[in-house]
Amino acid sequence: MKSDKFAGIADYITQRRAQKALSQEALAYDLIDYHELFADLDSLTISRWERAKVSPNLRRQVALMEYFGDKPHTLLCDPAFELKQLPSLDAFNKMLDQQFKYNHVMGAHPYISPENVSFDKLCKRADEAPQMYGWIANYHTNLSHSREQWSQDFIKSLADVDSTEVSFYLVNGLLAGHIFMVKVSQETFDQLLFGKLQDNELTAAHLITGEQPGCLYMLSTYLGGAHVSEDFVAQLLFTLVEDPQNTSFGYKARSDIGIKLMDFLGGVVVHTGEALTERLDGAKYQGKRRSYVSFNLQRQVLIASPLFLNLIRNSK
């Protein structure tokens, strides 16, 4: 019977290899065939891993756990599982602190005190949800300087689909943040990220059920204060990670803070929107402002990101 408790990655590899009755050499050959991350692996490296002389990087640890049939996020997010190479949250917290000192376009809510840490979290079944959909539509139309026109009915039609994930963050009755994610097929996902299908052209027919393998696409999001940031990011990450049917995550960053967040998570830029001339319009990427910057984030990469692991481990 498999054990679910390990002191760290060295203990994990030693136990799991013994349970499969594999030599270090046989495990190396298996892993080479299993994933390209292990292309240069040999038995000496596995020996060094098991003796804790060196540790495989986080991406390799995730792949190792999947090879052995375990859930990487369950193991790696356990504070008792030692992660010697996990950076702290200092850089992320510094980035948030800098962003929230700027105007609300960059991510600081103009009507909420930075000292207020109390908030209510609502779901799409809340009585207030229809009004929130209207606010989201207004927010996005304003954020895009009316380049993309959204409506309350458009938002509601997508929210009514069971697989759509919606969260609202309220501080003293004010909407201080929201998450609005839809689940789509790989084909629709690629069309959205590369601008072949516009966000406001999405219909309920484009969405798939939660039980189907597919991709999560962040249709709209806003983080309006540091006081909701930890729950906001944890909610976002858990939604992708806890279900293996969610293979990847896509997001069009339309502001600077969106790009910085994806940098911390390991998102890959796949497309950029039109070039803009206004100083605070859109998102700044490679020295130019763009109407959006599309990111693709694979589930394996997210699980191995220091930001995800720190947030989840610190919350336990």
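A residue counts as exposed when its relative accessible area is over 50%, and as buried when that area is under 20%. Keep those cut-offs in mind for this predicted model, which holds 10 salt bridges.

**Helices H1 and H4**
- Helix H1 (residues 9–19) packs with helix H4 (residues 58–67) at an angle of about 25°, and their axes are 11 Å apart.
- That angle makes H1 roughly parallel to H4, and their crossing is left-handed.
- On the H1 side you'll find Ile9, Tyr12 and Ile13, which meet Gln61, Leu64 and Met65 of H4.
- Sorted by type, the residues of this contact come out as 5 nonpolar, 1 polar and no charged.

**Arg17 with Glu50**
- The side chains of Arg17 and Glu50 form a salt bridge at 2.6 Å, N to O.
- Arg17 sits in helix H1 and Glu50 in helix H3 (residues 43–50), so this pair links distant parts of the chain, 33 residues apart.
- Arg17 is buried at 17% relative accessible area, and Glu50 is buried too, at 14%.

**Arg60 with Asp40**
- Another salt bridge joins the side chains of Arg60 and Asp40 (2.7 Å, N to O).
- Arg60 lies in helix H4 and Asp40 in the loop between helix H2 (24–34) and H3, so the pair ties together parts 20 residues apart in sequence.
- Arg60 is buried, with 15% relative accessible area, whereas Asp40 counts as exposed because its relative accessibility is 60%.

**Around Asp199 and Lys252**
- Asp199 and Lys252 meet through their side chains in a salt bridge (3.3 Å, N to O), and both are buried.
- A network of salt bridges links Glu148, Asp199, Lys252 and Arg254.

Definitions and conventions
Residues numbered from 1 in each chain as written. Predicted model: local features only at pLDDT ≥ 70, side-chain atom pairs only at ≥ 80, totals over all residues. Heavy atoms only, no water. Axes fitted to C-alpha atoms, helices over the stretch in contact; angles between N-to-C directions. Helix = DSSP H or I, 4+ residues; strand = E, 2+ residues; numbered from the N terminus. Parallel < 35°, antiparallel > 145°, perpendicular 65-115°, else oblique. Left-handed = near helix turned anticlockwise from the far one by under 90°. Contact = heavy atoms within 4.5 Å. Nonpolar A, V, L, I, M, F, W, Y, C, P; charged D, E, K, R; others polar. Salt bridge = Lys/Arg side-chain N within 4 Å of Asp/Glu carboxyl O. Buried < 20%, exposed > 50% of the residue type's maximum accessible area, 1.4 Å probe, protein only.
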